[in-house]
Amino acid sequence: MRKSIFTVLALLALAMLSAGCAATNATVSDQTNATATTSGDAFVTDSYKALATAGITYQAVMQTAGTMYANKQLGDDAKAKLIVYGNAFRGVYQTAVLALEEYVKLGSSDAAMAAKVTQALADLATNFADLKTYAQSVGVAVQEAK
Amino acid sequence: MGAAATVAVVSEVLELALKVGVPAVQGVIAAMGKDEITLADVQALKGLVAGAESYFVSTQASASVSTGV
């Protein structure tokens, strides 16, 4: 049985991003109501895992694309588009990381910053889906190790 | 995505990790295993994602991958 690790990583990244958004939404609600004192930890953990998973998947996709290009399995047009999608993802990713960093620095109690992290994760999910869809359309798939 | 679906995906990743030991999968598992996240952990995420161009600069090899999250 041969499976594409890319597909699994992509599914996991999307799952983590979805979970991260849901968790952060709940946390913002909790903080607004000032009822939970430990929700901040879950918020940070979920957000971190979503970002880490998305970042690692991005690495795997782009590394594979780079190898395919070097092996002339990808053309210049595909390379150019992958760079556009990749950098779009990277920009949103860095925004989300900076927002989470600021949130942690503020002591996990700033609802406005939590909302920024939540929005950044939602934007990241959209950008990740765009990158994934295009990468798959040109045949980029992380190969299993031999 | 529901909890059951998430568990199914995680199980699949674990199965694949045991089977092939791909660094990317190992990195995901390392991230998933963290129970406490420090400011340093979050700051380390900044270096995880390189510019897209960097993966295409060499015809011999693509950009190095670091999954030490």
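This is a predicted model: local features need pLDDT of at least 70, side-chain atom pairs count only at pLDDT 80 or more; totals for chains, interfaces and linings use all residues.

**Start with confidence**

Residues are numbered from 1 along each chain as its sequence is written, chains are lettered from A and ligands numbered from 1 in the order in which they are written, and side-chain values use heavy atoms, with hydrogens and water left out.

Now select residues 5-33 of chain A, helix α1, where confidence in the chain is lowest, at a mean of 53; the highest is in α3(A), at 95. (Helices here are DSSP runs of H or I, at least four residues, numbered from the N terminus.) Then pick residues 26-40 of chain A: pLDDT stays under 50 there, and the model has 19 contacts for this stretch beyond four places in sequence, a contact being heavy atoms within 4.5 Å.

**Along two helices**

Next up is α3(A), residues 76-105. Its end C-alpha atoms are 42 Å apart, which agrees with the 44 Å that 30 residues should span at 1.5 Å a residue; the expected span is 1.5 Å times one less than the number of residues. After α3(A) comes Gly107(A), with a positive phi near 85 degrees.

Move on to α4(A), residues 111-137: its 27 residues reach 39 Å from first C-alpha to last, close to the 39 Å expected. Just after α4(A), click Gly139(A), whose phi is positive at about 90 degrees.

**Last stop: the charges**

Glu101(A) and Lys105(A) have their closest N and O atoms 3.5 Å apart. They sit four residues apart in α3(A), so about one helical turn separates them. For Lys46(B) and Glu101(A), the closest N and O atoms are 2.8 Å apart. Lys46(B) lies in the segment after α3 (39-44) of chain B and Glu101(A) in helix α3 of chain A, so this pair joins two chains.

Finally, colour by accessibility: Glu101(A) is buried at 6% (under 20% relative accessible area, 1.4 Å probe, protein chains only), while Lys46(B) is partly exposed at 31% (between that cut-off and the over 50% for exposed).

Note on methods: A salt bridge is a side-chain nitrogen of Lys or Arg within 4 Å of a carboxyl oxygen of Asp or Glu. pLDDT is the predictor's confidence in each residue, from 0 to 100.
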